[in-house]
Structure formats: structure tokens, C-alpha cells
Amino acid sequence: MIMDVNLRCRENNLAHRTKEIDKERLIVRRGQPFSITVQCSGTIPPNHHLELVLHIGQKDEVEIKVQKERGVGDKWWFSQQGAQDEMLLTLHSQPDAIIGQYRLTMLMMSPDGRTIEKTDNTRFHLLFNPWCKDDAVYLPDEKLLQEYIMNESGVIYVGSTERIDGISWSYGQFEDYVMDICFEVLNNSKEALKNSEMDINLRSDPVYVSRIITAMVNSNGDRGVLTGRWHEPYSAGVAPTKWTGSVPILQQWSKAGAGPVKYGQCWVFAAVACTVLRCLGIPTRLITNFNSAHDVDGNLSVDILLNEKLERVDSRNKADSSWNFHCWVESWMRRGDLPKGNDGWQVLDPTPQELSDGEFCCGPCPVTAIKEGNLAVKYDAPFIFAEVNADTIYWIIHGNGQRQKIKVDHTAVGRNISTKSVYGNQREDVTLHYKYPEGSMKEREVYEKAGRRHPEPIIENTEPGLKLSIKHAKPVFGTDFDVFVEVKNEGGSEAHAQLTVIVTAATYSSLHRGECKRQKINVTVPAHKAHREVLRLHYDDYAHCVSEHHLIKVRAFLESSGNGDPIMTMANIPLSMPEVLVQVPGKAVESETAKAFITFTNPLPVPLVGGVFTMEGAGLLVATEIPVSGDILPGQKVSVRHSFSPIRSGVRTLIVDFESNRLKDVKGVATVVVHRKYRPIITTRY
């Protein structure tokens, strides 16, 4: 009787805002009805009726019988309209239905309950629905949904509090078969492999799904996507700084049969998680916390141990640390598993740092719980609270083993917490979502609630009136530059002290990469005067040890000849990078050839060998490498042209990365407006 089933993919996908994912497969969102058409060979015999059964799971682990009409409670149900040989079936899913791929079985039943005919080759996907007010991920603001679900590109904030940089990223959550890979990620989790039926039933809950994603984006202890590596060499894989989008990472993982992709660091982990969560229908944004604490022992302080030469002496695998920045994501959802007041943005961190319930995952944890100091709330609130609130304490370990506290900073951690604005590519500061203003009464209340004594001011002095500061310009990588260390005497008598200045290279996660320069001098500073020491750093001083993050750290240490305590101050100096100029002239039209012109000039005093450009852009083209022929001499400009055919219309972002032997992580970006292809309407005159 049943000859054909028309899933009406284009109409349904348009109504469910999934047409960007696929136009040929049915992809719908839960809590919102969709209609399919069933073509029959003739009129259905009297008293015969249609029954629908759904199966979900790779082995049909879960079976759901679809009710004929809306019943008591939230269950799948359908309505039926028909005339002659055609039926329109409208299916209704509950707003907390299981997400995943469903197989729909249609049964033609006789009056006595026998199955006359069975059709079971119909499949569709169901996603979370942030447009549905009864879905736990409901977000009642279309502007936010366009950014946190629909936008396939974004800006990730990196650098330091001294200079915040934005790098473009292609999330590509609607690129071909990315959705399939997202479900493949869920299917490879420990929970799915251990008990697939239980796992599938729990996929109705965004709290459960998002926590699984934070575990599966990293490969620690499971079949996860990315392997982390925090320093060079990256010879066995791709340097984290080279990635410009999530899609190549997910594709490589899938093609390798769930084999981990090398390598990721925090912004890459967070960006891949953002892609997966947006694709599944959970509103998600990427967050950067500057001066982020990694508190290993849970004492809400970052203890930095130095020897008498001012070198780190602790084992970095077990030591507290303060990262220049750290990225995670926030996802929007209701928390029915928690007391009232914990709905909204939830912290999720896929970077493997510490174990949570035996797994390398973190969150979801309500942002409001962090701000209010409610550290008993699930999940991982104490660790996240420390990331934005910990003290930083510096100690010198003397030869006899005695510790000397030389600096305490109560305000350095958790600065300039940032995300991309929904109104453009500018930065939005969300620090006040995580913490009350420093020094406020509310901050004091939160400290006490969190079980932490509110810090009292600490006066650091070698002798009255002696101050120490570091100043610098905004140096460009490849150039020579000066660092100024000033000792100011605000006291009434002449001061004598020994000044030690150490310049080192480091990664953004505070891993030491080598010493560039060290200087120790005796200084005499008259009363109410200042002494300025100038350190000239040449390219050759830092080129051999600077990391791919192009970060210089300066530490100045002042010991007076009197009985006062020593003074220490520090500065991060991020080295500015050149840019790649990217231009796409003319009008870009989907499926028609467009041309990108890429230009780059070598700013270094040495040749660049093995140069390669990588282009990527969701809706524009897949990641494509363009090698540069020959060496690039100092000051030489290279230009390449690449033709491509945009895949989908809309405002798109073309991202270009340049890498070579001596210069890496050089980026360029261009906005491309892709127009729909004009298809003329042909009319016939009679």
C-alpha cells in the first residue's frame, strides 16, 4: 500500500532552521512539529490504521511508540490527514526528547491487529531546540541565537592583559557531515561504549550531553578528538597555532576511526567544543579569562617557587601556575538538577587540566554560582572559582631550604574576561558576570561564603619609599627593543640596593622556554629621585628561545642594603606579529568562481624557509594549503592568488594562516559577502 515517503526536507529544514546543515536529509528540532507525506497505491481499506514506531541508537537500543493523538504527559504523537492515495503525517516530539538519529517505522495494521505492511527505511535527525520555550536550552533572544547557534565564524581573544588580540576562527558547525561527526563523538564516549541504552536515554539532557562533550574533545583516557601539547616540538602533528577552524580537526578524527588529532591547546579545545555544541543546538560562546589560575592543590592560591637565581624550581607537572590566558566555553541551559537561581550560562572546559569524577572534563557549572561563591554546586565550582579568584604568591627557596615570601597579588588573576560581542567582531567584557568589583563589600561576602578569608592589604617594601616598575614599548617580532626598569625613591634619604633583571621567553601557559638576558647591578638612588636602567634586547637575544606564542617575560628583583624585604615586579611583553593581507575583490556568488589575493612581507632580518599559506572558511572552501616556492628574503613581499567557488550564501569569513621555519602563527582575514545565485524565472506567454 505504501509506495513512497516524502520527508519534505527542504520545507521542514527551513522551518526548523537546519537548512544550512543539509537540504537533502531531514533534520528537525525537538518540541516543534514537522510533516511528511506518505504516498499510497490506493485508498486505505476501512478500519485499517497506521502506526508509527521510532528507534534510536546504532543498534536500535531505544524504541518509542508514537501515539495516535496527544495523550497525557509529554510523549511523541502524530496526527494524520489524508485524501485518496496521499496522507500528510504531522509528528510532534516532546521538548525533552532524545537527540540523535531516528529510524521511523510505519506499520499498516488490520482491524484485528495484524501487520499488513511495514516500511522502515525512513531516517531523520533530532536536535536541541533553543527556539522552543519548553526546551531546557531555550534562549528567548533572536539576536543571541543568531550568534550562539547560527554564526559559523567567530573571534577568540588571546594575548595578555597588556595587549588583547583577537584571532578569527571558523567553527563550521553547518559544514557537510559535521553533524554526523558530532554524533560520532557522542557514540565514542566511555558512557556510550559501556552502556549504550542508558547513554541514549540520557541524551535528552543538555547537562549530560555537554559534560560528555567536554570529556570527548580531549583524548585523555578515552577516544576523544584532540591531544594536548603545550610546547614545541610538534613534529608528529600540527602546531596548535596553525589551526584556523574546527572542521579539519573533526574530519581528521573521524577519518582516523576516532584516532586523536595532534595537537591542541586551550583555545583549540574550546573552539572544537563550541562547534559541536552549537551544531547539536545548545547556545554556546567562547570565553577567554586573562591571568587564569591553575590551582592544583585547591588552596585558592597559586604558589610560584623560585630559587636564589629567580628561576622556577617546582615540577611543572604538579605545580600551580598562572596562564596569560585560558579559554573555555559557556553554554546556555536550565539546571533542573540544581536549586533555583542556577539557570543560564554554564562554564564548560574541555582542556584536560584536572580530573573530575575520574575523567578529564569540567562543568557544566553555573556562572552565577562562581560569582556568588556557591562552591558546592555541580560541577567543578571550586576549580573554576580559583581560575578567576586565586591569589598569586611568589616564594624564594634559599639554599638551606627556607622559604621567603616576596610578593602577594590578590587582584592579578581573573582579568578582562572576554567574549565576542553579538553586535560585531568587537570584544565584550564579561568579568562582572564572574566576580564582583575588587574591594567591594559583595566581594568580601563571596570570599566568606566560599570559605576563604578575605585578603588584607599587604605592604611590600625594602625600605620606606622605594618603588620598582617596568616599562616598555610595543615591540614587533623580529626587531630590537628596549625595556626600562625604574627604581624610584620616594623616601627622605639616599637608598642603596642591588637590582637584578631577568628576561625570559615563555609560553602562554607559563612554561619557561629559555633565558634571553640577565643583568645585575648595584644602584644608588638619591631621595625623591629615580634611577632608570635600560636593557636593549636584540632579535638574536630572543629568537633562539621565543615560543610560538611570541611572549617575553621580564622579572625585576630589588634587594636593599638595609633590612627591608625585597621587592619584585614583573611584566609580560607580547611581541606584535605581522599580518597577512587578504582581499577578495568583486562580487562573490555561490557556486561561481571567486579569487582571493594574499600578500605577505617578511619582517625578519633572516630568510624564511618552507613558507605555506592555509586558507579556510565555512561556506567558502575547505582548508587548502598553498606552498610558497623558494625562500622569502628579508623585506621580500610574496603574493599568491587562489580561485575558489563559494558553497553557501551569506556573510562569510575567509581566514588565512602563514607558517615557515622561523615565523609561525601569522594570520589574515577577509569578510566575504556571498550572494545567492540568480536563477531566472521563465514564463510562457499563450
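## An open antiparallel sheet

Four strands, in the order S26-S25-S28-S29, form an open sheet with antiparallel pairing, where strands are DSSP runs (E, at least two residues) numbered from the N terminus and two strands pair if DSSP finds at least two bridges between them. Strand S26 (512-525) and strand S29 (567-574) are the edge strands, each pairing on one side only. From one strand to the next the twist averages 15°, with axes taken as lines fitted to C-alpha atoms and angles running from 0 to 180 degrees between N-to-C directions.

Strand S25 (residues 495-506) is joined to S26 by twelve bridges, and the two run antiparallel; Ala505 has Gly514 in S26 as its bridge partner.

## Basis of the model

The model is predicted, so that local features need pLDDT of at least 70 and side-chain atom pairs count only at pLDDT 80 or more, whereas totals for chains, interfaces and linings use all residues.

The largest pocket holds about 1,000 Å³ of space. A pocket here is an open set of points on a 1 Å grid over the protein atoms alone where a 1.4 Å probe fits, with protein on both sides within 12 Å along at least five of seven lines, and lining residues have an atom within 4 Å of a point; the volume is the space filled by probe spheres set on the points, which are joined across faces, edges and corners.

Of the 39 lining residues, Phe174, Glu175, Asp176, Ile647 and Arg648 lie nearest the centre of the largest pocket. Helix H1 (9-15), helix H7 (247-255), strand S33 (612-617) and strand S34 (621-627) are the elements that give two or more residues to this lining, and S34 gives the most, with five residues. Helices are DSSP runs of H or I with at least four residues. By class, the lining has 13 nonpolar, nine polar and 17 charged residues, counting Asp, Glu, Lys and Arg as charged, Ala, Val, Leu, Ile, Met, Phe, Trp, Tyr, Cys and Pro as nonpolar, and the others, Gly among them, as polar.

Definitions and conventions
Residues are numbered from 1 along each chain as its sequence is written. Side-chain values use heavy atoms; hydrogens and water are left out.
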